[in-house]
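Thanks for coming. Please have the structure open on your screens.

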Amino acid sequence: MPVISAVTPCLNDASHLPEMIESFLAQDYPHKELFVQDGGSTDGSHEILRRYPIRWSVARDTGPHDAINKGILASQGDIVVIMPANDLFAPGAFSRAVDELRARPDVAMVYGDCQILDEYGAVTRIDRPGTLDIDRLLWAHFLLLQSSYIRREVFDRAGLFDGTIKGPGDTDWLMRMVAIYPAESIHYVPEVWSSYRLAQSLKGVQFRDCDQNARVLLAAHERFLSTAENRRRLRHGEGRARAGMHCQCAWWFSEAGRRREALKHFLEALRHWPGLIFAPIGLKYAVKVLLGRNLTRVVTKSMSRIRATLNHRSAALD
């Protein structure tokens, strides 16, 4: 039976670390290990790690992706899943992932759905990525690694993460991976396999690095679109794909409070795909750019609370 290595980057994540570890230990699949790569926590995380039968190491790193690389290299499993210290494994996720990978020996990675939690731990929605859609991947980072189980040999072919990237390093890696593997070797399972604390995750994002984040996104997309074979895999054409990468850049600049640069990228997206102005996703990005970071967050938080309240009422009625 294959061994699953869960790799966790950690830096001052003591508030949620025990819950994540408990969700790992509760997995009913016996052939597993958790390797936590700590970047030098000073909040009591080490005392927490000592309490559990897991593997961990402390070493300075250049960021979370560098820590993930260290953890992948130090881990020993046949299958790798990357789990941030603030997030959770869903019950039974390991067994189901192994079942799917054993039933499909030609599949490089399986991934499932993910529950999105608010700052209080309540489920606000479930992200259901669906079957891999390359066009959509060029528009938004919708495939979360918390719910992805990857054969170790994939890292031999696609390489590790770029440890110098502070922001969308997972997007950079996914684009490299998708460029190598056919869509049918990346298999979707419509089941919840993890929970993701969105608010907690955003606290660690350095939006002042948005210039680098934009360069990373543009470079990853350009690298993918540079080959005729990858362009042929697009259902909606190259112009729409390039519009997507500029819309993502607009989001980063908007989050950093730099509306001028955000508007510049949104207009560049319109140049590549004029139909953006009539598409729902275009309206979403336009609102983000025009309202700016603070007002958008107020609106988003209000909508999340309304959804959470409705979900609680629905659960109570059931």
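First, a definition: buried means under 20% relative accessible area, exposed means over 50%, and partly exposed is in between, with a 1.4 Å probe and protein chains only. What you are looking at is a predicted model, in which local features need pLDDT of at least 70 and side-chain atom pairs count only at pLDDT 80 or more, while totals for chains, interfaces and linings use all residues. Residues are numbered from 1 along each chain as its sequence is written, and side-chain values use heavy atoms, with hydrogens and water left out.

I start with the cysteines. How many disulfides does a search of the whole structure find? The count is 0, where a disulfide is a pair of cysteine sulfur atoms within 2.5 Å. C247 is in no disulfide, and the nearest cysteine sulfur, that of C249, lies 9.3 Å away. C247 is buried, at 0% relative accessibility. C114 is also a buried residue, with a relative accessible area of 2%.

Now the salt bridges. The term means a side-chain nitrogen of Lys or Arg within 4 Å of a carboxyl oxygen of Asp or Glu. Searching the whole structure gives 21 of them.

One is D133 with R235, where the closest N and O atoms are 2.5 Å apart. This pair links distant parts of the chain, 102 residues apart: D133 is in the loop between β7 (123-127) and α5 (134-137), and R235 is in the loop between α10 (228-232) and α11 (238-255). Helices here are DSSP runs of H or I, at least four residues, and strands are runs of E, at least two, numbered from the N terminus. R235 is exposed, with a relative accessible area of 54%.

Next, D172 and R223, with the closest N and O atoms 2.9 Å apart. They too connect distant parts of the chain, D172 in helix α7 (residues 169-180) and R223 in helix α9 (residues 210-225), 51 residues apart. Which end is buried, and which is partly exposed? D172 is buried, at 7%, whereas R223 is partly exposed, at 38%.

The last pair is local. D99 bridges to R96, with 3.8 Å between the closest N and O atoms. Both are in helix α4 (residues 93-103), and because they are 3 residues apart there, about one helical turn separates them. D99 is partly exposed at 43% relative accessible area, and R96 is partly exposed at 25%. Salt bridges that share partners join R96, D99, E100, R104 and E191 into one network.
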